[in-house]
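Biologist: Could you walk me through this model? I am new to it, so please keep the terms clear.

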Amino acid sequence: MTQRVLLIISGGIAAYKSLELVRLLRKRGIAVRAVLTQSATQFVTPLSLGVLTEDHVYGDMFDLKEEREIGHIQLSRQADLVVVAPATANILAKMAGGIADDLATTLLLATDKPVLAVPAMNVRMWHHAATQRNLAQLRADGIRIMEPDDGAMACGEFGKGRLPEPEAIAAEIERLLALPKVADPLEQFVINHRDFATALEASGALAGKHVLITAGPTHEPIDPVRYIANRSSGKQGFAIAAAAARAGARVTLVAGPVNQPTPAGVDRVDVQTAREMMAAVEAALPADVAIMVAAVADWRTADAADQKLKKDGSGRPAPLTLVENPDILATLGHGAQRPALLIGFAAETQKIAEHAQAKLARKGADWIVANDVSGNAMGGDDNAIQIVTAQGIESWPSLPKGEVAQKLIEKVAHALSPVAD
Ligand code: CTP
């Protein structure tokens, strides 16, 4: 069956390359239906696109004739893949904010199909915090983002932000269209994950279950102004809490000091230290599932000073005596109120699977989700994990933390379901 792409062209200088992209896709036997934003019509004409796509070119949401023939909802659903190329900073911002103020953005909000965005913009616009924030949001929402190329720009500047070559975009489109047919269920999941998320939500796969999650770092005070901390951002744990709540669970999220908004439908308990986290976790029991994502400090100072430590003039640093913190995961794993499914995380920088295997046994957990934190997984937006269980090791490719969360909750729901194998 012919594969169909809905190509949304937004208005940047790179829009002219969309003509070549259409030609390459048609050459590969892919049908293309084009939608132009108002500003894109300054760069490419509906006439040339119409000739190349051999189809009507869409542009105005309030075109009565178009609406009668094909409503914009249908238009967004009739494709196998929606591609935004070039995607300007403006359309990315609208997509991230859920704004639908023209046909292109309305289609993007109404679609139930996977979406690939191919950004192209000035280097400074690309690196702007607002654009990067919007891209992170879009990735978390399951939108595929193609990295722009580096090089000379139409505006005379040099750097990242160029539209990738049409040949590379066509190859990526072909790869995404082929995904449902490939044997890799995870890739299949990624492309369909928003459909899946909706299904999980609709089915309330975790309805009636209590899921207890820890997230973020802990802060162990040295004196009133100093503390021992780590780089955990809490992103992964918060994303898991959000996914569990979407699946219908009652979620208790015990969070160390992080700067993350509370996900909808989640009961959040804020703590600072490992001992406070331990107490909050015990107070939240019983739970059906516990997912210990927090990067709990292994040690705290034996005595936090009441007053700020001062230099004593000797040139010697103030002595710090450290004592071990309670192991929350191990306490749960070996405790009387052990949740039916107990999941730990393991931040490792080497021998990942080997260390995770050892942790599984030592802490009495069912699964250890091991991640390599030698890169920037801690604090970053993506995570490549391995799930170590008594049955073996499952490796996932690097995915946005939102997708890791969604996929993990799918696995949890499956493990708890009566028909689980
Ligand atoms: N954990 C915990 N309480 C602690 C330390 C860790 O609950 N005091 C949990 C973490 O939330 C995580 C798992 O144990 O789910 C593994 O954490 P990690 O720091 O990798 O393990 P450690 O036991 O600290 O092992 P090590 O630092 O020696 O690698």
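Biologist: Which backbone atom of M292 lies by an oxygen atom of the ligand, and at what distance?

Modeller: A backbone N or O atom of M292 is 2.6 Å from an oxygen atom of the ligand, and a polar contact here is a pair of N or O atoms within 3.5 Å. This is a predicted model, in which local features need pLDDT of at least 70 and side-chain atom pairs count only at pLDDT 80 or more, while totals for chains, interfaces and linings use all residues. Residues are numbered from 1 along each chain as its sequence is written, and side-chain values use heavy atoms, with hydrogens and water left out.

Biologist: How many residues surround the ligand?

Modeller: There are 15, and the closest are M292, A294, F345, K359 and K363; a residue is counted if one of its heavy atoms lies within 4 Å. By class, this shell has 9 nonpolar, 1 polar and 5 charged residues, where Asp, Glu, Lys and Arg count as charged, Ala, Val, Leu, Ile, Met, Phe, Trp, Tyr, Cys and Pro as nonpolar, and the others, Gly among them, as polar.

Biologist: Which element gives the largest share of the shell?

Modeller: Strand 16 does, with 4 residues, and helix 13 (328-333), strand 16 (341-348) and helix 14 (352-363) each supply at least two. Helices (H or I, at least four residues) and strands (E, at least two) are DSSP runs, numbered from the N terminus.

Biologist: And where does the ligand sit?

Modeller: The ligand sits in the second largest pocket, which holds about 970 Å³ of space. Of the 42 residues that line this pocket, the closest to its centre are A294, A295, V296, D298 and A347. Its lining divides into 20 nonpolar, 12 polar and 10 charged residues, and strand 16 again gives the largest share, 4 residues.

Biologist: Changing topic, which peptide bonds are cis?

Modeller: The bond from A85 to P86 is cis, with omega near -10°, and P86 is found in strand 3 (residues 81-87). Another cis bond joins L285 and P286, with omega about 5°, and P286 lies in the loop between helix 12 (274-284) and strand 13 (289-292).

Biologist: What is the phi of E54?

Modeller: E54 has a positive phi of about 55° although it is not a glycine, and E54 is in the loop between helix 2 (46-53) and helix 3 (64-69). Most residues other than glycine have a negative phi, and most peptide bonds are trans.

Note on methods: A polar contact is a pair of N or O atoms within 3.5 Å; within protein, one must be able to donate a hydrogen and the other to accept it, and residues adjacent in sequence count only if both atoms are side-chain atoms. On a 1 Å grid over the protein atoms alone, a cavity is a set of points where a 1.4 Å probe fits but cannot get out, and a pocket is an open set with protein on both sides within 12 Å along at least five of seven lines; lining residues have an atom within 4 Å of a point. A molecule sits in a cavity or pocket if more than half of its atoms lie within 2 Å of its grid points. Grid points are joined across faces, edges and corners, and a volume is the space filled by probe spheres set on the points.
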